[in-house]
Amino acid sequence: MRPILMKGHERPLTFLKYNREGDLLFSCAKDHNPTLWFADNGERLGTYRGHNGAVWSCDISRDSSRLITGSADQSAKLWDVKSGTPLFTFKFDSPTRSVDFAIGDKLAVITTDPFMGHTSAIHVKRIARDPEDQTAEPVFVLKGPTGRINRAVWGPLNRTIISAGEDAIIRIWDSETEKLLNVSDEKDGHKKPITSLAQSDDGSHFLTGSLDKSAKLWDSRTLKLIKTYATERPVNAVAMSPLLDHVVLGGGQDASSVTTTDHRAGKFEAKFYDKILTEEIGGVKGHFGPINALAFNPDGRSFASGGEDGYVRLHHFDQDYFNIKM
């Protein structure tokens, strides 16, 4: 499997997202400029200029017309995908971390970090059809737990919001009553900060990755633990194949504690596991630093990884991959 190397960012990658059709790939990094690529050949289509801080996450509307990005510059921006023009800026009192469109793209959930006396928070905003009608008024704001919320996404049918972060607890909120419905079990749950969260295509279950060197699969409605995938290093990014029962984990130590031997020891590979049997199937090496972002193409035939090294690597699977038998 020969990867396509995409060099468009000056700083470490933070997030990757494919559109629904799987022909476009959006990348976010600490260099302030979200970038758009062709998912097939890795050709760079353009950058979205306007943020003045690291961009932590993005999401793309179902029809691929709008992009939303969350940045450390205390704002979330809505963009016109085609022209690259910013349509609207949501301003906050603290850095913006996670963004996610609801099904139907009429709402977006945006999380903000604890900062200068403000606690972490989950903001729900209406997204107007016409950018002229867009307002910054929140539908509601949930004051968050202590520590940062690294990821918040909509649950099945937009009825809930699932959040997870530094306190290692997963929470499920009711998006109508704003009440906390469920909290992950301390015994089953992660022991260290949760870095990432990826949902299955049908929204029935989701995967979390944590600095406790594990990833866990949960039921979206009951928050019951289904599976645990153990690895020997902190997990920064997780993704699930839409086609096969495979999960992929990426990570590595914190950039500050990385030694020159780590790369040779293959610590920075994307590791594939059997979703049901939780056994490791194989790995894809290549990054020169921890992997911070992973995404599967919606067709399940390729995946992308983004690293601390500033590269996006695009992997189209060989036929052998689809014939793996456990």
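## Strands 22 and 23

A239 has V248 of strand 23 as its bridge partner. Strand 23 covers residues 246-251 and pairs with strand 22 in the antiparallel sense over 5 bridges. Here strands (E, at least two residues) and helices (H or I, at least four) are DSSP runs numbered from the N terminus, and two strands pair if DSSP finds at least two bridges between them.

The model is predicted, so local features need pLDDT of at least 70 and side-chain atom pairs count only at pLDDT 80 or more, while totals for chains, interfaces and linings use all residues. Residues are numbered from 1 along each chain as its sequence is written, and side-chain values use heavy atoms, with hydrogens and water left out.

The order 22-23-24-25 describes an open sheet of 4 strands with antiparallel pairing. Strand 22 (235-240) and strand 25 (280-284) are its edges; each has a single partner strand, so one side of each lacks a neighbour in the sheet. On average, neighbouring strands of this sheet are turned by 25° against each other, direction ignored.

## Nonpolar core around V248

The largest nonpolar core contains 13 residues, and V248, A270, F272, L294, F296, F303 and F317 have the most contacts inside it. Such a core is a set of buried Ala, Val, Leu, Ile, Met, Phe, Trp, Tyr and Cys residues joined through side-chain atoms within 4.5 Å; buried means under 20% relative accessible area with a 1.4 Å probe, protein chains only. Two or more residues each come from strand 22, strand 24 (270-274), strand 26 (291-296) and helix 2 (319-322). Strand 26 gives the largest share, 3 residues.

Apart from neighbours within four places in sequence, V248 is in contact (heavy atoms within 4.5 Å) with A237, V238, A239, A270, K271, F272, L294 and F296.

Strand 16 (residues 170-174) is mostly covered, with 5 of its 5 residues buried. In a regular strand the side chains alternate between the two faces of the sheet. On one side of strand 16 lie I170, I172 and D174, on the other R171 and W173, and all are buried.

Strand 15 (residues 160-165) pairs with strand 16 in the antiparallel sense over 5 bridges, one of which links I161 to W173. These two strands form a hairpin with 4 residues between them, and A168 in the turn has a positive phi of about 70°.

Strand 17 (residues 180-183) runs antiparallel to strand 16 and is joined to it by 3 bridges. The partner of W173 in strand 17 is L180. This hairpin has 5 residues between the strands, and E178 takes a positive phi near 65°.

Definitions and conventions: Axes are lines fitted to C-alpha atoms, for helices over the stretch in contact, and angles run from 0 to 180 degrees between N-to-C directions. Buried means under 20% relative accessible area, exposed over 50%, partly exposed in between (1.4 Å probe, protein chains only).
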